[in-house]
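Please read them with the model open.

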Amino acid sequence: MAGNTTFFLREADNYIDYDTFLSDEFDANSYANTIVNQSGTGDGSDIGTALAKLSFSIDSLNKQIQEQVTDNYEDLLGQVTGIKNLETVLATVKANIQELKLSLRKLVSKIKDPYHQLQSYTTQLENLQQTCELLRRLHRFLLLKRRLEGQLPSTENTSIEPDSMAGRDLSAAALTVHELETIVNESDFEGIHIVTKELAFIETARQRVESEADRLLKDGVNTQSQAKMAAGLQIFHNMRQMSTRVQELTNGMLDDLARNIKHVVDMHSLQKEMKGNHPNVRRTNNEPSFGNQQALAQAIWGRMETLMQSMSDSCIKIYDLEKVLEIKKDSLSQVTFLEEVAKMFDATSLVSHFWRVLSATFERELKEATKVSTFLQNTFVGGYPKLLQLLHEFFSRVAIHNGTSLHDYAQSPEYVIMLRSFNIFESGFLARSLTRMHDTINATFPAHGGLSRTAPGRQSILTITRVIEHELETAAFEPHLAQAVARNVVKTLNMFCAKCEALIPNTDQSVYTATQNNTIFMSLSRKIELINITYYMHQSIWKVLEEYPEKMVDIIIKGSEECRRVMLSIGQNLVDGIKLDILRVLIRMHQEDFSGQANRNFNPMEDDSASAYVKELAKHIRYHHSQILSRLSCGTEPKSWVRQIGKYMLHVFVFQASLISPLSEAGKLKLAGDMAEIEFITSSFLSDYGVRIEEIGDEYKALRVLRPLLFLDSVQLTAAHHTAGLSKLVLIHHLVVRSQSSTPRLALPYSVYDLSPREYMEWMERLSEQEQVSLAVDAITKGSNLTAHELETIPENRLIIEIAEQLSSPSI
């Protein structure tokens, strides 16, 4: 039906706007006025048209309604029947509601009276309970008041001395007073005369108990009496004032110390005091004049000593107070008094709070005072050890009171915190200490003038070590400062070594050659002096360290060993120069003639029979001993250097002797005589320094083996008992030299590689033995310009191959 209606309305859209009539705000009069106003002519034609449309629309709607009724009459009849049934149900509900209202009115009439009666009884009960609670509190108040009268002497008895209260149970009185005040504060006793008249007595009792507790606590702290402190703390604890009173007492001590610290560094009051004692004291720009500084400094140190005494007394009091707080506990919770106090201070303990505040105050006041007074800053920086000594005395008193040693106490957080407040002065003191030591070094090594290239003498070293020793002694009482000064000593010694190294001359090889009058060159003499002086510094520092603990030694030893390193470096440079000079002399053996015929009167043991190079070597060795090595004063180091020179001399001689070619039988005798002379020269040289030639080792064995080897048959040269101690390369050289007495002959390796004997030796020294033999055999095989068959016919070559094979395939 709804669909048909919609269709019909759409069909009638051309006649009328139905939306206007469907609006909830539709007004017929307004619609009529609109139609009239829209009519532009006065003849009413538009109005008639509008009425016609409305009539048509009404007829259409009526027709549609009739159609809908006709089509849906069964549904409409059903709805009418349902409406009648609904009216019956509604009537029944309405009747039931009326009955319910009647029942409610009856129920209200039954409940109302009991409710009012119960409400009245409840009010009476509440009033009775309040009265009972008030009477109970009043009874408790009167009971506590009578108890308090028994616990305290009568206020009328003015003859009682305050000390007589100490024997009474003030702790119980404190509990009573606290409970009385709690009852009064939590109860409304206004208008109750029996209570109001006792309030004055309770207030008086509270003041007397607090006064006595305060006296006990202060007397206990000042006299270090734990019993009095415990009594006072217990009283305040019972009155719930313990944490507050401890805080006030601690802050009072800290405030007093803060005032004392300010007084110590107050230059105005200090100068005023000094002016009263010394009228001639003058100052310029708020700074003392030069002549007054010593007196003012003494006054400052006097004040500082007094301050440290006050600080130690206060610290001891705080330690004693904390001990009592740690012992005392709440009887119910078993929580110590110290835990309660620590919560208020927001710290782990009372002592830690005290140290933290004291150190911060001390550091702050000193910083502020030294910022505005250069004199104060110089006094504390220059006298930092004295300031630190006062701090040590302060901690010593505290440590002794606590039953611990200062060494153990120096590791405590309290000590570290206080020491940190002196950092500004410590850094300045260390800088000045380092400057003093560096100035001594700079004075020893002038940058200009005739002495700028001269090694310092022993007196200069004594001056340096005295300054170092003085700086260490100044700081020796405090481990932290001593270690810091020790690090400065290392810097000073490093500076000394650097300046010594800068003085090392660049010498040529000629300075190691003996002059006609055996005078030593200045550059060489300076090297010797630098060796002696660095060794003397090394030894002097060790003597200074004999009295110091291991930690100090571990630090300074770095600087001492740096001196020894420089000494060894210069010494090794000296030894290397001597070794090169020996090499230059020994290499001249190749200029000697070892190919001549034997002289019937030849005696290799006579001096005149020695070769020229041997005589030259003896001359150079005497020069090295008398003019160089004997002038060294560096302990046992020359002994090791002489041993090194001896090893090198025998090594060079054996190596170069194996290369001498041609070598005749007479040459062998001459070479054997040179060997004996070389052995004698070396033995005499070593014995002057307490070294036996046997200590040389392999080089001496090689010399002793090579001498008889010259006269053996070639087939015997591979026997182990004949060649023990001789290197394979030297043996190969000797076999090559032997082969040159016949044809065909083998070539010497150095000639194949186009090297001089010296260059060849220096090259081979850088290689392993297997590499040496391999290169030598390769040079002999390829450089001799012989066929394989010709090489096989040479007996010495077969022996060389055998030696090479033994080296490449050693027996297991």
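1. Which residues do ring pairs link into a cluster? They are Trp301, Phe380 and Phe425. Keep in mind that this is a predicted model.

2. The aromatic pairs come to a count of 11. Take Phe380 and Phe425 as one of them: the ring centres are 5.3 Å apart and the planes meet at 50°, so the pair is tilted. Edge-to-face would need an angle over 60 degrees, and stacked an angle under 30. Phe380 belongs to helix 15, residues 374-382. Phe425 belongs to helix 19, residues 423-444. The pair therefore ties together parts that lie 45 residues apart in sequence. Both Phe380 and Phe425 are buried.

3. Next, Phe445 and Phe496. Their rings make an edge-to-face aromatic pair, with 5.6 Å from centre to centre and 65° between the planes. Here too distant parts of the chain are linked, 51 residues apart. Phe445 sits in the loop between helix 19 and helix 20 (458-475). Phe496 sits in helix 21, residues 479-502. How accessible are the two partners? Phe445 has a relative accessible area of 9%, so Phe445 is buried. Phe496 is at 0%, so Phe496 is buried as well.

4. Lys579 lies over the face of Tyr648, 4.9 Å from the ring centre.

5. A disulfide would be a covalent bond between the sulfur atoms of two cysteines. Buried or exposed, what is the state of Cys315? The relative accessible area of Cys315 is 1%, under the 20% cut-off, so Cys315 counts as buried.

6. The surface carries a nonpolar patch. Its members are Leu61, Ile65, Val69, Tyr73, Leu76 and Leu77. Together they have about 530 Å² of accessible area. Which elements give two or more residues to the patch? Helix 4 (45-71) and helix 5 (73-151) do. Leu77 is in helix 5. With a relative accessible area of 55%, over the 50% cut-off, Leu77 is classed as exposed.

7. Asp313 and Arg397 are 84 residues apart along the chain, yet their C-alpha atoms are separated by 8.7 Å.

8. Last, Asn238. Where is Asn238 found? Its place is in helix 9, residues 226-238. Asn238 is buried, because its relative accessible area is 6%. How far is Asn238 from Asp330 in sequence and in space? The two are 92 residues apart in sequence and 9.4 Å apart in space, C-alpha to C-alpha.

Key. Residues are numbered from 1 along each chain as its sequence is written. This is a predicted model: local features need pLDDT of at least 70, side-chain atom pairs count only at pLDDT 80 or more; totals for chains, interfaces and linings use all residues. Side-chain values use heavy atoms; hydrogens and water are left out. Rings of Phe, Tyr and Trp (its six-membered ring) pair if their centres lie within 6.5 Å; planes under 30 degrees apart count as stacked, over 60 as edge-to-face and the rest as tilted. Helices (H or I, at least four residues) and strands (E, at least two) are DSSP runs, numbered from the N terminus. Buried means under 20% relative accessible area, exposed over 50%, partly exposed in between (1.4 Å probe, protein chains only). A charge sits over a ring if NZ of Lys or CZ of Arg is within 6 Å of the ring centre and within 35 degrees of the ring normal. Patches are made of residues with over 30% relative accessible area and no salt bridge: like charges are joined within 9 Å, nonpolar side chains (Val, Leu, Ile, Met, Phe, Trp, Tyr) within 5 Å. Accessible areas come from the Shrake-Rupley method with a 1.4 Å probe; for residues, only the protein chains shown count as cover. A salt bridge is a side-chain nitrogen of Lys or Arg within 4 Å of a carboxyl oxygen of Asp or Glu.
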